[in-house]
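Student: Could we go through this one together, step by step? I have the sequence and the model ready.

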Protein chains: 2
Amino acid sequence: MSTPTPKITPLVDPVARPGPVNNPCAACAIRDLSVCGALKPDEISRLNAIVVQKTVNAGATLFIEGDPADAHYIVLDGCIKLYKMLPDGRRQITGFLFRADFLGLAFRQRYAYGAEAVSTATLCRFPRERLEALLDEFPEMERRLLSISSSELASAQDQMLLLGRKTAAEKLASFLWLLSKRAALKETDWRRLDLPMMRSDIGDYLGLTIETVSRTFTQFKKSGLVSFTRPDAVQLDDIDALAELAGVEESWQPSTAM
Amino acid sequence: MSTPTPKITPLVDPVARPGPVNNPCAACAIRDLSVCGALKPDEISRLNAIVVQKTVNAGATLFIEGDPADAHYIVLDGCIKLYKMLPDGRRQITGFLFRADFLGLAFRQRYAYGAEAVSTATLCRFPRERLEALLDEFPEMERRLLSISSSELASAQDQMLLLGRKTAAEKLASFLWLLSKRAALKETDWRRLDLPMMRSDIGDYLGLTIETVSRTFTQFKKSGLVSFTRPDAVQLDDIDALAELAGVEESWQPSTAM
DNA sequence: ACGCAACGTTGATGCAGATCAATGTGTCGC
DNA sequence: GCGACACATTGATCTGCATCAACGTTGCGT
């Protein structure tokens, strides 16, 4: 953890009950989060004992590359971006995290990337050594973490294909398609997407400049693929054309994590 | 497993003893491979029982994207490339594997990428369900796999930075630097690198064309950064300049897996 | 209401790297 | 030795996206 330390709220309500996202209860959130799989009651109560919940403002830095990796997180709400930087300031965003995504799963001494809140976000924080102790107690959790890690690796490989071999239009279509799939998983309307990140974030995620992102959006609008009410809300009007552009074939399934 | 099935040699020598790489003994190789960490004797004997060793020719396909993921592998010798393809044939190589590298760690139903031998290669093959049964027996192995998986994820993120934000010269310098670090780990001469892969493989790994790879090598030669005896053997004459180009800062440590 | 700052869009121009094309260079089979 | 093939290099030209520059839009503090 570096820079501005956000408010840390110890978990006070250990009772697992469904709660709305805007009043998240860490324990029940953990239980409900699909990414965690079905946790057993004793696992939940133990997780509950080690978790703290925190909320960070948009733009807040959670940690930067090279910081000691002292905690893992689950995103409860909001959007987090992960990024790597070159000495001269060029930046590559390696992923956006949303509700139910894991952060800091890399079991290494130091974080290999920085993490920053795109929008105001709420997270569960697990001190590293205590989560690892918990893993000793519940070895089956380890298998699930390995599975999550595998999914992230698959996503990373998809992203390499995108960055190395796709055109600007294909990149942007892939990005929209990915966001759409995630929205569908969360049972929100997959046709109507929020874009909490700004154009420079999208550009740095896709290996493009903000101007190219903007121009490509305009091109999509003119072709009837998408429409905008506000710059941060896009409607996908022709999902098939977008999927085609993205290089998605019928048989393909999207990697679950972004 | 798809296409040309290579010779599969059941392991006949269960005695763990040091052996030369050109006459690999799967069990002792597993024990020696640093990536596995220190395996305990009973783990080795059990691994020994489920492993089969196989040798594939250069250019042979191990599996393609979408094949059922029915096995894991450890590379004992040679070089394997992993790749993803777009419908129109554009290709992105997501990694090269060398001795001691794991292959197929993704615990998913189907392989998310294809794998092909760059040079003649020898591998240990672990049927998926039997390795998973073994993991139940030795939960500590799972932690090590998670650690390996984390390293691969970190490498993938490095590669995203490379593909999205580096110039051709920086990409090629990063590639050489990475190979050099790997050679140093293996205690071979890190100044003198074999390039078993051809230019089109390097190009598809770095998101470049073969022409750009070739021109950049020429530029490096003219600047005194590298020299060639054969096209597949490069000598790094100015490792500092290469590291500088690659964007490697003093404090950085290379991610262990490529 | 105003000014200012942050973000997004649009236009003009430049260039890194792709593409197209030809020419080395090494290796293998005969 | 010699052709044939695969791979690498070099050159000429093209182009997709970056860069440079201006303007539009929104929201916020005073």
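Student: How do the residues of the surface near DNA strand C divide into nonpolar, polar and charged?

Tutor: Good place to start, and keep in mind that this is a predicted model. In total, 14 residues surround DNA strand C, with A:R215, A:T218, B:A168, B:T212 and B:R215 the closest. Sorted by type, the residues of this surface are 3 nonpolar, 6 polar and 5 charged.

Student: Which element gives the largest share of the surface near DNA strand C?

Tutor: Two helices each supply at least two residues there: α7 (210-222) of chain A and α7 (210-222) of chain B. The largest share is 4 residues, and the helix they come from is α7(A).

Student: What rotation superposes chain B on chain A?

Tutor: The superposition has an RMSD of 0.0 Å, with 0.0 Å of shift along the axis. That is how a two-fold axis relates two copies. The rotation is 180°.

Student: Is A:C79 buried or exposed?

Tutor: Buried means under 20% relative accessible area. The relative accessibility of A:C79 is 1%, so this cysteine counts as buried.

Definitions and conventions: Residues are numbered from 1 along each chain as its sequence is written. Chains are lettered from A and ligands numbered from 1 in the order in which they are written. This is a predicted model: local features need pLDDT of at least 70, side-chain atom pairs count only at pLDDT 80 or more; totals for chains, interfaces and linings use all residues. Side-chain values use heavy atoms; hydrogens and water are left out. Copies are superposed by least squares on the C-alpha atoms of residues with pLDDT of at least 70 in both. Buried means under 20% relative accessible area, exposed over 50%, partly exposed in between (1.4 Å probe, protein chains only). A residue is near a molecule or strand if one of its heavy atoms lies within 4 Å of it. Ala, Val, Leu, Ile, Met, Phe, Trp, Tyr, Cys and Pro count as nonpolar, Asp, Glu, Lys and Arg as charged, and the others, Gly among them, as polar.
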